[in-house]
Amino acid sequence: MSWNWNSHGLPFLPGYTFRDVTKSAFHRSQTLDYKNGYALPRRPTVGIGQDPLLSEQLIQQEISELSFETPDNTYGSCCDHSLVEDFIPAHVALDKKVLRYYAYFEEKILFSPEEEYRVRPVVIYYYLEDDSMCITEPMVENSGIPQGTRIKRQRLPKNDRGDPYQWKNLNLGMDLEVYGVKYHITQCDAFTKEFMESEGIVVNDPEPMPVDPYSKRRNKPLPSHTTPSDFDRLHQFLTMDRKVLHFFALWDSADSLYGDTRPVTIQYFLVDDTVEIREVHEANSGRDPFPVLMRRQRLPKKIKPESETFPSCVLEVTTDEVQEYYSPKDFQVGETVKLLGRRFLLYDCDGFTKEYYQKNYPDMEMKPIEVPRRTDVPPERREVPPYNGFGSLEDSLQNCLSVIPEPPKKNVLKMLENNNKVLRYSARLDSLNPEDEDRRFILSYFLSDDMISIFEKPTRNSGIIGGKFLKKTRIPKPGCTVENPEFYSPADFAIGATVEVFSRRFVLTDADRNVLTYLESISSEIPSQTLESLRQKLHVGTANHQPADQNGDDVVEPSS
């Protein structure tokens with residue numbers, strides 16, 4: 001509020017005010033300011049037309065008096081703070097506190113000769129935190145009526161002025177009219193009753209929920225006339241559905257050409273007295289895996305005498321030609337039953353079948369019998385052809401195990417643990433040829449896959465080109481078979497030992513110091529003669545950690 005400096009003590013009425021011609025700015029002062037890039041509010045110091053504000057005219061003493069002025073207390077003294085309690089708002093004190101009432105309303109049914117009205121129960125929820133209410137109707141399965149939430153949560157008006165219902169207006173036995181529908185409250189839950197009584201309201205006695213006349217009429221059996229029949233098929237379907245008698249049998253077809261005794265299962269469906277026969281397929285039996293030996297059907301037991309000449313082989317047998325069908329009493333464990341001209345020996349049944357016969361046919365004993373088991377013919381021993389030398393031994397063996405060979409499995413964990421770990425030995429060729437006496441080799445054993453590679457050291461003026469003599473491969477020991485191959489391991493590589501590699505003999509003359517370190521770490525798996533030969537060799541002439549051959553030449557790392 002700006003101070004009017006041009007009033008001159010005159011009343012603020014038309015004709016008594018004068019426009020100040022000296023003023024030219026009538027805009028409102030800016031109240032928004034930016035500081036360090038942030039928008040901040042700013043309190044104006046002048047009003048419209050650059051008039052000073054009244055607050056700016058007050059002295060500091062008047063502002064202090066307005067700040068510390070306390071209103072007069074109507075009740076009690078302002079200094080008595082002992083009776084003052086902490087204020088708790090309603091939405092906190094009454095949070096999640098709901099009153100629940102059970103009620104019903106009557107729905108008029110028009111143009112129906114069976115019912116005049118229908119009683120529909122509802123549940124009324126009253127939320128104390130905001131005085132809102134919601135009305136829901138319990139869902140009834142297959143009722144055909146839209147049910148669920150009738151009125152969503154809101155404040156419900158109780159009169160034309162729009163005053164909402166309060167919890168004080170609710171009680172048992174009263175009618176609650178909402179949007180033209182009258183709900184009669186009959187009961188409430190324990191929390192609602194306790195809350196109303198704590199607030200001093202007398203809760204009326206609960207009333208029983210009235211019975212819906214339509215539902216009551218539906219519960220009474222309708223008058224009907226049932227034609228008497230020998231057997232009730234509907235009752236059989238309702239009581240025997242998915243109940244099957246399961247028998248284990250042997251089909252004896254020894255009389256036929258290439259006949260044999262084959263195991264089958266006979267299933268008797270109690271729901272319609274049908275029988276199904278399934279053949280138990282055995283692996284490598286040479287028969288097609290078609291399990292259904294006879295489709296599900298009713299099996300005739302006796303044909304009427306006048307229909308014995310009926311051509312059943314080309315025409316379907318109906319109930320007009322059949323005198324009696326097979327029933328559960330015709331299946332006895334331990335006896336042979338003839339079905340469609342085939343003999344089946346029943347030797348056992350499942351647990352449900354035994355319980356069914358004990359309950360319905362106690363005279364029949366379902367005791368399993370011992371049947372001769374077919375002796376298993378020992379499989380012929382598979383002969384593996386001799387190794388032809390092409391590829392590795394494992395790859396060649398896969399061609400003999402399957403039509404589509406698969407790569408041999410590898411020990412991945414061993415490959416990861418022993419990656420880049422190689423044991424190196426010096427060797428010479430044991431040959432009768434005098435030209436091979438000076439040839440020197442480096443034998444490398446790879447711990448990751450137990451493969452061996454041989455590298456020949458170049459010798460000057462020997463006439464033999466050095467380099468790779470044998471690529472990485474697994475070398476079997478002499479005398480082992482293809483079925484049980486034995487390969488060389490570090491335990492076989494002792495100093496002075498002979499290693500036969502594809503009809504060539506190599507004599508180990510020296511080894512790397514790393515070989516001795518590794519073999520000592522697994523000394524429990526290595527023979528003592530191997531360790532002792534390495535210690536004796538490496539203790540002599542091992543100034544550097546490279547093994548030396550008989551001529552004093554150091555063993556160098558082979559280059560590819």
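1. Let's start with a term: a salt bridge is a side-chain nitrogen of Lys or Arg within 4 Å of a carboxyl oxygen of Asp or Glu. By that rule, the structure holds 24 salt bridges.

2. A word on what you're looking at: this is a predicted model, where local features need pLDDT of at least 70, side-chain atom pairs count only at pLDDT 80 or more, and totals for chains, interfaces and linings use all residues. Residues are numbered from 1 along each chain as its sequence is written, and side-chain values use heavy atoms, with hydrogens and water left out.

3. Take E107 and R120, whose closest N and O atoms are 2.9 Å apart in a salt bridge. E107 belongs to strand β3 (residues 98-108) and R120 to strand β4 (residues 117-127), 13 residues apart. (Helices, H or I and at least four residues, and strands, E and at least two, are DSSP runs numbered from the N terminus.) R120 is buried at 7% relative accessible area, while E107 is partly exposed at 27%; buried means under 20%, exposed over 50%, and partly exposed in between, with a 1.4 Å probe and protein chains only.

4. Next come D273 and R233, a salt bridge with the closest N and O atoms 3.8 Å apart. D273 sits in the loop between β10 (261-269) and β11 (274-279), and R233 in helix α6 (residues 233-240), 40 residues apart. D273 counts as buried at 18% relative accessibility, whereas R233 counts as partly exposed at 46%.

5. E394 and R474 also meet in a salt bridge, at 2.9 Å from N to O. E394 lies in helix α8 (residues 393-401) and R474 in the loop between β20 and β21, so this pair ties together parts that are 80 residues apart in sequence. R474 is partly exposed, at 29% relative accessibility.

6. R474 turns up again at the second largest pocket: among its 22 lining residues, the closest to the centre are Y387, R474, I475, P476 and F502. (On a 1 Å grid over the protein atoms alone, a pocket is an open set of points where a 1.4 Å probe fits, with protein on both sides within 12 Å along at least five of seven lines; lining residues have an atom within 4 Å of a point.) Strand β20 gives the largest share of the lining, 4 residues. The lining divides into 10 nonpolar, 7 polar and 5 charged residues; here Ala, Val, Leu, Ile, Met, Phe, Trp, Tyr, Cys and Pro count as nonpolar, Asp, Glu, Lys and Arg as charged, and the others, Gly among them, as polar.
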